Every structure is written in C-alpha cells, then in structure tokens.
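Me: I'd like to learn how to read a model like this one, feature by feature. Can you walk me through it?

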Amino acid sequence: MPSEDPHSLSLLEGLHSTPARRYLSAEPIPDDVVRALLDAAVRGPSGGNTQRWAWIVVRDAEVKRQIADWYREGWERSYGSRREQILASDDPQGMSAATFRAAEHLANHLEEAPVWIFPVLLGAARSANPRLGSSIYGAVQHLMLAARAYGIGATLTTLYAAHEDDVRRLLHLPDDALTMALIPLGYPARGRWSQPRRRPLDEVVFFERYE
Ligand SMILES: Cc1cc2nc3c(=O)[nH]c(=O)nc-3n(C[C@H](O)[C@H](O)[C@H](O)COP(=O)(O)O)c2cc1C
C-alpha cells in the first residue's frame, strides 16, 4: 500500500526499521516516486564525487523474466539445493528458516516486483580495487532507506551475478560497466518494518584495537 507522508519518518527510526523485504506486491510504483528514490540515492557518496555510476530502472516483463531465470540458477546453486539442510539447521550463525523461506519466495517471484533498480559502476568491470563498492553502496543504501520512507520494500540482491556478461548485454551496458546489485522494489505484501536482528554491539565494536 502506498504509505502515509514519506517525510514523517525520522532518519533514525528508518535506520532501525528497514529489514530486507522479500514478499512484495505487484502494485505499480508511481514514476514520480521512483524518481524521488533515485534522487535520494544519488545524494550518496562516491570517491572524489566522481559519480561514475548509472542507475538502470527495469520494468520490462521480458527483461525481468530472463534475469529472474538467471537469478534462480544462482539461488538454486547457492541455497535451493541445500533447502532441507538449511531448514533443519539450528546453527545460530546460519540462515534462519524464516529468511530462507523469504529468500526462496523472492527467488520464485522476483519478476513480480514492479520495479527493479540496477546500480551500475562505469569503468569498473576489470577493477582489482577491493574497496570498489564503497563508491556506490552508500548510495544504494540511500535508495533503500528512501524507499522505506515511501513504504516501499527492497532487498539488495546479487544472485544473478554469474550471468553478469548476459545482464550487461541485455541492459545495453558498456563492456567496462559492472552491475553492483539488483534491487527489486515493491509495496510489501507480508511482514513488518521491524528492527533487523544483529549481533550484539559488544561483540563487534572495539575501542582503539581489535581484540
Ligand atoms: C552483498 C549482499 C548480497 C546480497 N544478496 C542477496 C541475494 O542475492 N538475495 C537475497 O534475497 N538477499 C540478498 N542479500 C540480503 C541479505 O541476505 C540481507 O541483507 C541480510 O540477510 C540481512 O537482512 P535483514 O536486514 O532483513 O536482517 C544480500 C545482501 C548483501 C549485503
């Protein structure tokens, strides 16, 4: 459902209530809202403010169907083939059954998300810089938090990536461009804007030196 006033959510409230949303309705997202999300995204940082990026909005059913098939190959290889094992596991460090089911649902319904965004780094395809992503993932998070303000769910996904060359061709990207994610957007069909569960701060924060 389109949300209430997108300006009413405080920044910190948004930061604390934006989990991955994988159950999405097919309800269209208005063009001006998609534009507002992208306008928030590009306020994000890039090294030297070079902004060597492109943001591809995909709504075309045929393009989505093709990429969703490639995504499902990745899903099957990485997770689907271990379905029973993951669902039966009680390893607290592993993927929870609820996350598995949600991710499986997204894999099976990816093309139903009304809008997809591919954040793309230009000139990055052959980069060996391990910090490459830092010039776009801040902006990607802006996009997902702006979506949250409009009541739109999102998940950063990468499971299509074994087909990077195919995706590049399909989206008519330059040879040296690298897609950095696929973000399916849609109004949530299930679930809540709950605080994401994370390891306790005391386990992951260190003062002055790592211990
Ligand atoms: C680099 C990266 C790749 C990801 N790839 C996928 C993906 O392909 N499919 C998916 O469903 N979720 C993907 N995710 C989402 C993570 O599973 C999610 O951020 C994590 O489970 C935390 O979820 P939460 O914020 O709802 O707790 C990815 C996240 C990151 C940061």
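Reply: Happy to. Start with the elements: helices (H or I, at least four residues) and strands (E, at least two) are DSSP runs, numbered from the N terminus. Here the protein chain has eight helices and five strands. Keep in mind that this is a predicted model, where local features need pLDDT of at least 70, side-chain atom pairs count only at pLDDT 80 or more, and totals for chains, interfaces and linings use all residues. Numbering of residues starts from 1 along each chain as its sequence is written.

Me: In what order do the elements run from the N terminus on?

Reply: The order in the protein chain is α-α-β-α-α-α-β-α-β-α-β-β-α.

Me: How do I read the radius of gyration of the protein chain?

Reply: The radius is taken over C-alpha atoms, and the globule rule is 2.2 Å times the number of residues to the power 0.38. With 211 residues, that rule puts a compact globule near 17 Å, and the protein chain agrees with it at 18 Å. Its C-alpha atoms fill a box of roughly 45 × 45 × 40 Å along the principal axes.

Me: What share of the contacts joins residues at least 24 apart?

Reply: Two residues are in contact if their C-beta atoms, placed from the backbone, lie within 7 Å. Taking contacts between residues at least 6 apart in sequence, 87% join residues at least 24 apart.

Me: And how much of the protein chain is buried?

Reply: The test counts other C-beta atoms, placed from the backbone, within 10 Å of a residue's own: 20 or more is buried, 12 or fewer is exposed, and in between is partly exposed. Buried residues make up 28% of the 211 in the protein chain.

Me: Which residues touch the most other members of the largest nonpolar core?

Reply: A nonpolar core is a set of buried Ala, Val, Leu, Ile, Met, Phe, Trp, Tyr and Cys residues joined through C-beta atoms within 7 Å. The largest one has 45 residues, and Tyr 71, Val 140, Leu 143, Ala 147, Ile 183 and Leu 185 touch the most other members. Two or more residues each come from helices H2 (31-41), H3 (61-78), H5 (97-109) and H6 (137-149), and from strands E2 (115-121) and E5 (183-186). H6 gives the most, with seven residues.

Me: Why does Tyr 71 count as buried?

Reply: Tyr 71 has 25 C-beta neighbours inside 10 Å, so it counts as buried. This residue sits in helix H3. Leaving out residues up to four places away in sequence, Tyr 71 touches Ala 107, Leu 110, Leu 159 and Tyr 160. Tyr 71 and Thr 157 lie 86 residues apart in sequence but 9.2 Å apart in space, C-alpha to C-alpha.

Me: Now the strands. Which ones pair with E2?

Reply: Two strands pair if DSSP finds at least two bridges between them. E2 pairs with E1 (53-58) in the antiparallel sense over six bridges, where Val 58 stands opposite Trp 116. E2 and E5 are also antiparallel, over three bridges, and here Trp 116 stands opposite Pro 184. With E4 (residues 178-179), E2 has two bridges, again antiparallel, and Val 120 has Thr 179 as its bridge partner.

Me: Is E2 enclosed or open, and which residues point each way?

Reply: Seven of the seven residues of E2 are buried, so the strand is largely enclosed by the rest of the structure. Val 115, Ile 117, Pro 119 and Leu 121 point one way, with Trp 116, Phe 118 and Val 120 pointing the other.

Me: What covers the picture for E5?

Reply: Both faces of E5 are covered: Ile 183 and Leu 185 on one side, and Pro 184 and Gly 186 on the other, are all buried. E5 also runs antiparallel to E3 (residues 153-154), joined by two bridges, and Ala 154 has Leu 185 as its bridge partner. Beyond residues up to four places away in sequence, Leu 185 touches Ile 29, Ala 113, Val 115, Ile 117, Ala 147, Ile 152 and Ala 154.

Me: Which residues are closest to the ligand?

Reply: A residue is near a molecule if its C-beta atom, placed from the backbone, lies within 6 Å of it. For the ligand, 13 residues do so, and the closest are Pro 19, Ala 20, Thr 157, Leu 159 and Pro 196.

Me: Where is Gln 51, and what is its phi?

Reply: Gln 51 is in the loop between H2 and E1, with phi near 50°, a positive value in a residue other than glycine. Gln 51 is partly exposed, with 15 other C-beta atoms within 10 Å.
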